[in-house]
2 protein chains.
Amino acid sequence: MPDKVTITVDAMGGDNAPAVVLEGVADALSTDSDLTVILCGPAEVVEPFASQHERCIAQPATEIIGMAEHPANAVRKKKDSSIVVGCRLVKEDAAQGFFSAGSTGACLAAGTLVMGRIKGIARPALATVIPSPVRPVVMCDVGANADCKPEYLVQFGRMASVYAERILGIENPRAALLNIGEEDTKGSQFAQEAHELLKEQLPNFAGNAEGGDILAATYDVIVTDGFTGNVCLKTIEGTSKVLFKTLKDVMMATPVTKLGALTIKGGLKQLMAQVSPDTYGGAPLLGVKGACIVGHGSSSAYAIKSGVLTTANFVRAGITDIIAQTATGVQAGAPGNGGQE
Amino acid sequence: MPDKVTITVDAMGGDNAPAVVLEGVADALSTDSDLTVILCGPAEVVEPFASQHERCIAQPATEIIGMAEHPANAVRKKKDSSIVVGCRLVKEDAAQGFFSAGSTGACLAAGTLVMGRIKGIARPALATVIPSPVRPVVMCDVGANADCKPEYLVQFGRMASVYAERILGIENPRAALLNIGEEDTKGSQFAQEAHELLKEQLPNFAGNAEGGDILAATYDVIVTDGFTGNVCLKTIEGTSKVLFKTLKDVMMATPVTKLGALTIKGGLKQLMAQVSPDTYGGAPLLGVKGACIVGHGSSSAYAIKSGVLTTANFVRAGITDIIAQTATGVQAGAPGNGGQE
């Protein structure tokens with residue numbers, strides 16, 4: 001899949017921008033020699049970097065959208081912000097994808113309003129790869145749509161299954177509805193209606209999942225509304241953080257425990273890397289015309305690199321076209337059917 | 001608080017009933033010399049035990065409600081089940097509280113239908129103590145009401161705050177709404193409406209919490225609907241389980257890591273106990289006339305003992321009366337106001 005790909009990157013996205021963004025982009029460019037990056041941000045940041053790196057083009061943008069701004073308002077108002085400019089270049093076919101570690105809300109708004117929805121998709125949705133130590137799990141929606149209709153969840157399930165199959169390489173991914181009981185009749189009115197629709201319309205639907213099934217990777221794809229998904233994602237991240245922090249206190253308690261801790265340090269580091277969101281580098285906004293991937297605000301240079309490379313892979317795998325086909329009912333690229341490439 | 005208390009216990013509740021239940025009850029009886037237990041279950045189980053233990057009365061019950069039965073139907077049909085009999089004795093004033101580690105759904109149904117709702121309480125709700133290594137946190141509702149109206153959450157917040165104050169001894173507990181952003185205007189339509197009402201009507205309301213705030217114990221009380229609360233609770237339990245399991249693999253990997261692991265074994269065991277649901281022994285159904293506490297299906301004898309003692313403490317703290325007063329607007333016993341006792 002060494003197709004030439006051009007993507008736009010928001011130089012000003014994330015808590016440690018632009019430094020870690022530039023470092024991550026430099027690493028991504030040297031890893032992927034068929035990648036071109038259009039770097040969007042203040043001229044004094046992007047121009048010197050572009051002049052020093054092959055396959056990097058500077059795209060000056062005079063405005064920045066802050067983390068605290070109202071997403072949709074900021075996107076409408078700040079037309080020359082790095083996020084809006086990055087998405088507009090995709091809309092105008094100057095690039096095929098966009099990556100940012102900036103305000104998630106602003107990226108969702110710009111992706112939806114500037115790139116535009118794929119025809120037939122009711123609501124674009126944010127998916128994320130839950131970094132389980134067992135195996136990766138895709139959860140969707142994790143925050144683009146706080147209020148959902150049951151029928152949206154069928155599209156979320158289809159789009160997330162395409163992502164699981166084409167990007168994570170999971171064959172015949174099994175999708176489940178996040179609910180409060182395994183039995184078909186369990187849950188809120190909303191969950192019961194969504195369950196019925198998923199059973200009828202999502203070929204790879206495998207039933208209800210409970211909260212405990214997410215990190216245990218009982219299913220490959222977890223379908224949910226954006227409110228529950230976001231609460232759950234942050235609960236998983238918060239729980240891991242508190243447990244690792246407390247574990248560290250246990251290991252650092254005495255000289256003897258410190259010595260003992262040395263023996264498991266390597267394995268523990270590996271485990272922490274496995275459950276770190278950095279590994280997958282970003283959450284894709286599925287259902288818009290182009291790749292639009294949002295990184296964690298606290299992204300490291302490694303996470304930025306992963307995010308940029310994932311965006312390029314998203315483009316090469318033709319995810320947008322496959323989603324467009326499944327949305328309009330053309331089954332060629334539907335998960336499990338092999339289809340194109 | 002050494003008041004004499006009588007509570008009913010479901011001898012047949014839980015995965016390892018009746019053996020662990022009997023062991024837990026025996027431990028609770030020897031710990032609390034002002035406690036009398038009415039043990040409900042098959043005559044051949046409860047009579048021999050009662051004859052061998054002081055302050056234990058056998059109450060034969062010929063039926064058992066299984067974990068897989070439809071809760072409300074089973075409660076209506078099996079009038080001589082250990083759960084229904086246990087709740088009826090509270091209704092008839094033969095006891096002041098009921099404890100079971102059996103079907104949560106059946107206990108919620110029996111608590112609500114048999115004991116009855118406190119006047120003015122729209123929906124009884126299930127609270128639970130989230131065993132955070134930082135400090136305990138009360139979350140409510142965690143599963144009694146999958147579909148809620150925003151106004152229910154104000155009562156959930158009041159009831160859970162009473163529990164946090166009177167049972168966990170948290171002075172002036174700070175309550176937060178589980179939501180997908182800290183700002184007041186964030187969240188689903190439902191969450192936004194609930195936020196407005198909580199701000200107006202819950203004196204100890206402190207704003208929105210996110211998933212990451214639960215185990216971090218940023219707030220003392222987390223208010224949510226029963227769907228989100230249940231998903232979150234199971235997500236926390238599942239995440240801890242997967243991480244501890246993977247950590248164990250890391251520690252058991254080689255002879256050297258095994259040796260190193262020995263040094264932190266004590267501290268790790270303590271941490272695992274801190275985050276184990278066994279520590280608090282059960283989840284109270286708040287808003288019914290009497291104490292009604294439900295243990296984990298996988299309860300150990302230690303968890304049963306904790307649950308039985310918590311039920312007795314619930315009675316002694318007068319939680320039901322305080323909730324009745326706050327529900328009808330009498331402020332004497334409201335959290336933070338000192339009031340009665």
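This is a predicted model: local features need pLDDT of at least 70, side-chain atom pairs count only at pLDDT 80 or more; totals for chains, interfaces and linings use all residues.
Residues are numbered from 1 along each chain as its sequence is written, chains are lettered from A and ligands numbered from 1 in the order in which they are written, and side-chain values use heavy atoms, with hydrogens and water left out.

Chain A holds 11 helices and 11 strands, where helices (H or I, at least four residues) and strands (E, at least two) are DSSP runs numbered from the N terminus. Its C-alpha atoms fill a box of roughly 65 × 60 × 40 Å along the principal axes. For 341 residues a compact globule would have a radius of gyration near 20 Å, and the 20 Å of chain A agrees with this; the radius is taken over C-alpha atoms, and the globule rule is 2.2 Å times the number of residues to the power 0.38. Of the contacts in chain A with a separation of 6 or more, 69% are between residues 24 or more positions apart, a contact being heavy atoms within 4.5 Å.

Of the 341 residues of chain A, 59% count as buried, a class that means under 20% relative accessible area, with exposed meaning over 50% and partly exposed lying in between (1.4 Å probe, protein chains only). The accessible surface of chain A comes to about 13400 Å², and 52% of that belongs to carbon and sulfur atoms; such areas come from the Shrake-Rupley method with a 1.4 Å probe, and for residues only the protein chains shown count as cover. As for charge, chain A has 28 positive and 35 negative side chains, and the centres of the two sets lie 3 Å apart. Here Lys and Arg count as positive and Asp and Glu as negative, without His and the chain ends, and the place of a charge is NZ of Lys, CZ of Arg, CG of Asp or CD of Glu.

In soluble globular proteins, nonpolar side chains tend to be buried together. The largest nonpolar core in this model has 236 residues, of which Leu39(A), Val308(A), Leu39(B) and Val308(B) touch the most other members; such a core is a set of buried Ala, Val, Leu, Ile, Met, Phe, Trp, Tyr and Cys residues joined through side-chain atoms within 4.5 Å. Once its neighbours within four places in sequence are set aside, Val308(A) is in contact with Ile7(A), Val9(A), Val25(A), Ala28(A), Leu35(A), Val37(A) and Phe99(A).

Helix H8 of chain A, which spans residues 226-251, also contains Thr228(A). Thr228(A) counts as buried because its relative accessibility is 3%, and beyond four places in sequence it is in contact with Leu178(A), Phe227(B) and Val231(B). Ser240(A) is likewise buried, with a relative accessible area of 9%, and it touches Thr239(B) and Leu243(B) when residues up to four places away in sequence are not counted.

Helix H11 of chain A, residues 319-327, includes Gln325(A) and Ile322(A). Gln325(A) is partly exposed at 23% relative accessibility, whereas Ile322(A), at 0%, is buried.

Most residues other than glycine have a negative phi, and most peptide bonds are trans. Against that background, a cis peptide bond with omega of about 0° joins Ala17(A) and Pro18(A), and Pro18(A) has its place in the loop between strand S1 (5-10) and helix H1 (19-31) of chain A. In chain B, a cis peptide bond joins Ala17(B) and Pro18(B), with omega again about 0°. Asn172(B), which is not a glycine, has a positive phi of about 45° and is found in the loop between helix H6 (150-166) and strand S7 (175-178) of chain B. Ala217(B) has a positive phi near 60° and lies in the loop between helix H8 (213-216) and strand S9 (221-223) of chain B, where its relative accessible area of 1% makes it buried.
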